[in-house]
Amino acid sequence: MASTSASVAFLGIGLMGSRQAKRLLDAGYPLTAWNRSREKAEAFAASGARVVDAASEAVSNADVVILMLENGKIVTDVLFSQGVAGALRPGTILVDMSSIKPAEAQEHAKHLKERGVHHIDAPVSGGTLGAEQGTLAIMAGGEAEIFGRVEPILKFMGRPVHVGPHGAGQLAKLANQIIVGVTIGAVAEALLLAQRGGADPAKVREALRGGFAESRILELHGQRMVERDFVTKGRSVTHLKDLDNALDVAERIELDALPYTSLTADLFRGLIENAGDLDHSGLLTELERRNAVEV
């Protein structure tokens, strides 16, 4: 699979998928693109991609199929209701880079195996910037040998790491989303406290950089909070979905107390209900609302 002669079908040309697909095109992979709204995929025709109307048509001659879809329900629908699973050739490797429940990934792997199709669940972290720069953290679950065969392709999109069997990639993504979500909340609380107490939040952020509080969240999301730039780069709706999935897994494996995850999910729920689907750094606005802080 190291050769760029391997044909790739990319299903899901959204905020993330469009940038990932472009990197594969730039690397020289023959690529077929499909998206529910065709116009998003059409932009890739000029770069040499084949654009099709049906997901099943996109995968029929592919060596590797990559999915970057919104949630598990949509992944299941595309695979088993829109004819993708039936159109896949035996031996094809399907890499699902969507963020879904681990149990859903395991179920998909089981049904695809019955058809002779290999499955890797490989959700990502790093946002649109990471997708554009090819620096995504890629967390892969499935058979190690199959992962090794698609690893060269994944490396054009970021840093792939095999973390365990089917579903393990999704578990790693949920762990990532807990850390990111809770840290966004912590940065928002800290900057709100600083501002309310009379300090300059921009200068506070600058002062904290390089100390024990340093993180990518403080660097990137903290800057968005200071500038009040909440244009969507990471969707709050998606982040809430992931936190709810984490709580669902916790219940299944009898972890009764994940207080930070529960509280952060509650904050995101309030954000979405009161302000809409802002960038997840917009969690600051929900804390401002709960504290009756006028901006």
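1. Buried means under 20% relative accessible area. Tyr29 has a relative accessible area of 2%, so Tyr29 is buried. Keep in mind throughout that this is a predicted model.

2. Tyr29 has an aromatic partner. Two values describe such a pair: the distance of the ring centres and the angle of the planes. The structure holds 1 aromatic pair. That pair is formed by Tyr29 and Phe156, and the arrangement is edge-to-face. The centres are 5.7 Å apart, with 80° between the planes.

3. Tyr29 lies in the loop between helix 1 (17–26) and strand 2 (31–34). Phe156 lies in the loop between helix 8 (144–154) and strand 9 (158–164). The pair therefore ties together parts that are 127 residues apart in sequence. Is Phe156 buried or partly exposed? Phe156 is partly exposed, with a relative accessible area of 31%.

4. Now helix 1. Its buried residues are Gly17, Ser18, Gln20, Ala21, Leu24 and Leu25. Seen down the axis of helix 1, these buried residues fall within an arc of 165°, so they line one face of the helix. Gly28 follows helix 1 and has a positive phi, near 100°.

5. Turn to charged side chains. Side chains of opposite charge can pair when their charged atoms come close. How many salt bridges does a search of the whole structure find? The search finds 24 salt bridges. The next points take up some of them.

6. Arg228 and Glu288 meet through their side chains in a salt bridge, at 3.0 Å from N to O. This pair links distant parts of the chain, 60 residues apart. Arg228 sits in the loop between helix 11 (216–227) and helix 12 (236–252). Glu288 belongs to helix 14 (residues 283–290). Arg228 is partly exposed, with a relative accessible area of 33%. Glu288, in contrast, is buried, with a relative accessible area of 3%.

7. Asp248 and Arg252 form a salt bridge within a helix. Their side chains meet at 2.9 Å, N to O. Both residues lie in helix 12, 4 residues apart, which is about one turn of the helix. Arg252 has a relative accessibility of 57% and counts as exposed.

8. Arg209 and Glu214 provide another case. Their side chains form a salt bridge at 2.7 Å, N to O. Arg209 is partly exposed, with a relative accessible area of 32%. Glu214 also counts as partly exposed, at 31% relative accessibility.

9. Salt bridges also join up. Which residues are linked in a network of salt bridges? Arg36, Glu70, Arg235 and Asp277 are linked in this way.

10. Last, Val180. This residue lies in helix 9 (residues 168–196). Val180 is buried, with a relative accessible area of 14%. Leaving aside residues up to four places away in sequence, Val180 touches Ile217, His239 and His280. Val180 and Arg196 are 16 residues apart in sequence. In space, 24 Å separates them, C-alpha to C-alpha.

Terms used: Residues numbered from 1 in each chain as written. Predicted model: local features only at pLDDT ≥ 70, side-chain atom pairs only at ≥ 80, totals over all residues. Heavy atoms only, no water. Phe/Tyr/Trp six-rings, centres within 6.5 Å; stacked < 30°, edge-to-face > 60°. Helix = DSSP H or I, 4+ residues; strand = E, 2+ residues; numbered from the N terminus. Buried < 20%, exposed > 50% of the residue type's maximum accessible area, 1.4 Å probe, protein only. Salt bridge = Lys/Arg side-chain N within 4 Å of Asp/Glu carboxyl O. Contact = heavy atoms within 4.5 Å. Arc of directions from axis to C-beta.
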